[in-house]
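Work through the following exercises with the sequence and the model at hand. Each task is followed by its solution.

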There are 2 protein chains.
Amino acid sequence: MREPDDVTPCEASEITSWDDTAEVVVVGFGAAGSCAAFSAVEGGARVLVVERTGGPGGAAALAEGIVYLGGGTPIQTACGFEDTVEDMYRYMMAACGPDPDEVKIARYCEGSLGHFDWLVARGVPFDPAFCAETSMAPAGTEGLVYSGGEDAYPFNEVARPAPRGHLAKTKRSTGWLLMQHLAAAAVAAGASVATDTRVDRLVVEDGRVVGVQGQCFGETVSFRARRGVVLTAGGFIFNDDMLRKHCPPLVRGTFKVGTEGDDGRGIRMAQALGASVRNMYAGEVSLPITPPRTLIHGILVNGKGQRFINEDTYMGRVGQSALYEQDGEVFLIVDEASYEVNWMGLAATWVGATPAELESEMGLPTGSLQATVDLYNRHAASGEDPLFHKGRSWVRPLVPPIGAVDLRIGPAPYAPFTLGGLETSVGGEVLDLVGDAIPGLFAAGRTTAGVCSFGYASGLSIGDSTMFGRFAGAGAAAVPLSA
Amino acid sequence: MREPDDVTPCEASEITSWDDTAEVVVVGFGAAGSCAAFSAVEGGARVLVVERTGGPGGAAALAEGIVYLGGGTPIQTACGFEDTVEDMYRYMMAACGPDPDEVKIARYCEGSLGHFDWLVARGVPFDPAFCAETSMAPAGTEGLVYSGGEDAYPFNEVARPAPRGHLAKTKRSTGWLLMQHLAAAAVAAGASVATDTRVDRLVVEDGRVVGVQGQCFGETVSFRARRGVVLTAGGFIFNDDMLRKHCPPLVRGTFKVGTEGDDGRGIRMAQALGASVRNMYAGEVSLPITPPRTLIHGILVNGKGQRFINEDTYMGRVGQSALYEQDGEVFLIVDEASYEVNWMGLAATWVGATPAELESEMGLPTGSLQATVDLYNRHAASGEDPLFHKGRSWVRPLVPPIGAVDLRIGPAPYAPFTLGGLETSVGGEVLDLVGDAIPGLFAAGRTTAGVCSFGYASGLSIGDSTMFGRFAGAGAAAVPLSA
């Protein structure tokens, strides 16, 4: 009797009858899986998508739904922004590190305009309007936002800033709308779908992956894949055991971004076959401080009353620093001129007539917040921030009375997902510990380590899931038929 | 033709003749390997140790050589320190996290007194004298030091402080002396040794590890292990590719602690067989600021002129924070009363009549160091450090003129080694991705994830290598003979 958690691969010789035979089996019907399925069909393969829930969607359908695209998309141009592949590349090499995958990033940037067209051809609508107020989904239908701190230090010194966060045209539910179109495109193209079926392990024959085995309402089912298997089964944010082993800070996330299917099984099934992983410590952490952006006139401090980041950068970078480096002890200090209750209802918990009074209310060490505000104000009087380089337009002295918004874990939501996973080639082949492709095995999306080795911008997860999902599907369709 | 890097396991059926047959094959003749070999012989097994260099030693012979032991050892008692297993356990659970391996730590603490006796019985001499001046090897032969910040915040509030860093009796080369005795004990017990032989891959038969294959002066050699194989082949600090995949901060280390054998091959060979790893992001980083300890009267600041840690803690914790969180931008600020050139010759690079002058010399943002010194001095006047809780005995106001010692990467040596590796049971069995033992495969030392998930104290690496090396050797010797 196998344990439910068992991911040990199974030999084809153990399978007495296949429940279905396809050429390409795609595991998971989210953003990466739907694109892989479409492209595999397009490549001439008979495709079966196996999904553990009752239908398509995955994490993407629950997400903001931003797709990171640039190089001069029609939406960027319509909104008056110039962008080039080179600027996009320079930004990503700086923002997605340390030591990001240069080959994947180059391919991602070169393919970006074509990928925009591909999404439009799948029916995804984009409203050619820019929203300056948020780095997430706007309240309206605007299709373009700054989603990675491109216009803030240090990235504004590395590449010409351009907003690259593209959103499907709907209010607040762009991930859902995007997935509607991607899943429909895969089905319309001719992919078959087996729902309510959780893939448990890979089936191998002479060192080649030739199928999958799983569970459907308590029954074991086996699907043959005569060309290849594409793992697009999500990340591991819903597997606390894996988080403790690989990225313990994320255990403390209070609002995990994903579905229960993000249990790391796709990663582990391939590891059991000798696949290599990377960046397993990396995670994106959303900490929704803005909108409204006027709050950026304030300063973020840690539990010692010290600043730690330029407040005008992408809020996901703030969230990473807050959870990984500040131990989730973070506060936003604002004065009356800049104060508003934010979009989530986060309001000032403490107010003081002076920084001294406020720090006392907050229980910060005596003098700590005073020293920080004094130093900030000293430079802010001339519009400068020599410590963290917040942009001039956001720098002005804080005028008492001042207040503090409690952004610690609990009072504020910390919304993480994992960025680490299987090591893959640009074409989606899963690599073993030597760096060779495992025959018959492909992967994309958060089952893989994508373009971000740690640093992140909103839209890069759906962006690399959809683009490299396409490549993986095409790659699997091009594998010679097994016997 | 196999690539040199190939770690794919080999089927026993492919081996036409064995070059040698033992019951237990130990891979690597360092601290863990010598203890594993001794215990496997003691368990009645015929043992072959396979070492890639010309003789025993490994990283331990090059190291400070501290062994972390407590619970009331004869050395602790002779030096007037009381200690209990409970205090040691509480300290380690607080210091070795986040989320350290509770089962291993409990076993480690319970076994500590016995392990001290075991080392003495192997001929390792300990001088019952305490050295207060360093957390590393003393200049003299003293056998006991504080090696993990036990007497500093926050650990002094968690458990009664006791020094637990034990050193073999010799000046500065205690790792070498320790290894002399451990290697000699294994050979005297009856272990055979094959030197100049690099093990490349594991040999398997029906899912059980039954030997190893490697290279000796260009020839392929195969050694049969009729009971089990013990991987004690070091960590991966000398494999930049693995560092980039798993712990990019360590790539910047300038003085890697280990030998070229620490290339991660032991870890990868087992992973290729489906072994699980954990804590791969973790690394210890030595940053040798003291001795002399009077320097602790100074304050450590980062590139923003901010303090970031209590200066009286273990220097390895300072090093971890400096490299992982402060981007290697660290300076020690001292006044004349506390200044001395440190043991490595690190001297003040800049001096200023005032903090303002010093920060200008250093190129720190105007006002940043001033604010930090002012705040520190304000509390230091009454012996307090409410921000980082440095102990009262080290807290006094800094009196200008003050200077700064450059502790950035380059001017100062950052000496890292890896702490992550294979997941093992307390008995040294290598676990697969489901948590089951891989038949015939054991591991210990830095090939494994030991008692430290990230936090570290000097002596814990040799400590867990030697103790769990013994268990792994005994475990392998107790496996039923293969056919």
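**Exercise 1.** Count the aromatic pairs and classify two of them.

Over all chains, a search of the whole structure gives 27 aromatic pairs; rings of Phe, Tyr and Trp (its six-membered ring) pair if their centres lie within 6.5 Å, with planes under 30 degrees apart stacked, over 60 edge-to-face and the rest tilted. This is a predicted model, in which local features need pLDDT of at least 70 and side-chain atom pairs pLDDT 80 or more, while totals for chains, interfaces and linings use all residues. Residues are numbered from 1 along each chain as its sequence is written, chains are lettered from A in the order in which they are written, and side-chain values use heavy atoms, without hydrogens and water.

Step 1: A:F417 and A:Y456 lie 5.5 Å centre to centre with 85° between the planes, an edge-to-face pair. The two residues are 39 residues apart, A:F417 in strand β17 and A:Y456 in the loop between β20 and α13 of chain A.

Step 2: A:F417 has 14% relative accessibility and therefore counts as buried (under 20%; exposed is over 50%, partly exposed in between; 1.4 Å probe, protein chains only). A:Y456, at 5%, is also buried.

Step 3: B:F81 and B:F130 are edge-to-face too, at 4.8 Å centre to centre and 65° between the planes. B:F130 is partly exposed, with a relative accessible area of 28%.

**Exercise 2.** Which residues do ring pairs link into a cluster?

The cluster consists of A:Y281, A:Y324, A:F454, B:Y281, B:Y324 and B:F454.

Conventions. Helix = DSSP H or I, 4+ residues; strand = E, 2+ residues; numbered from the N terminus.
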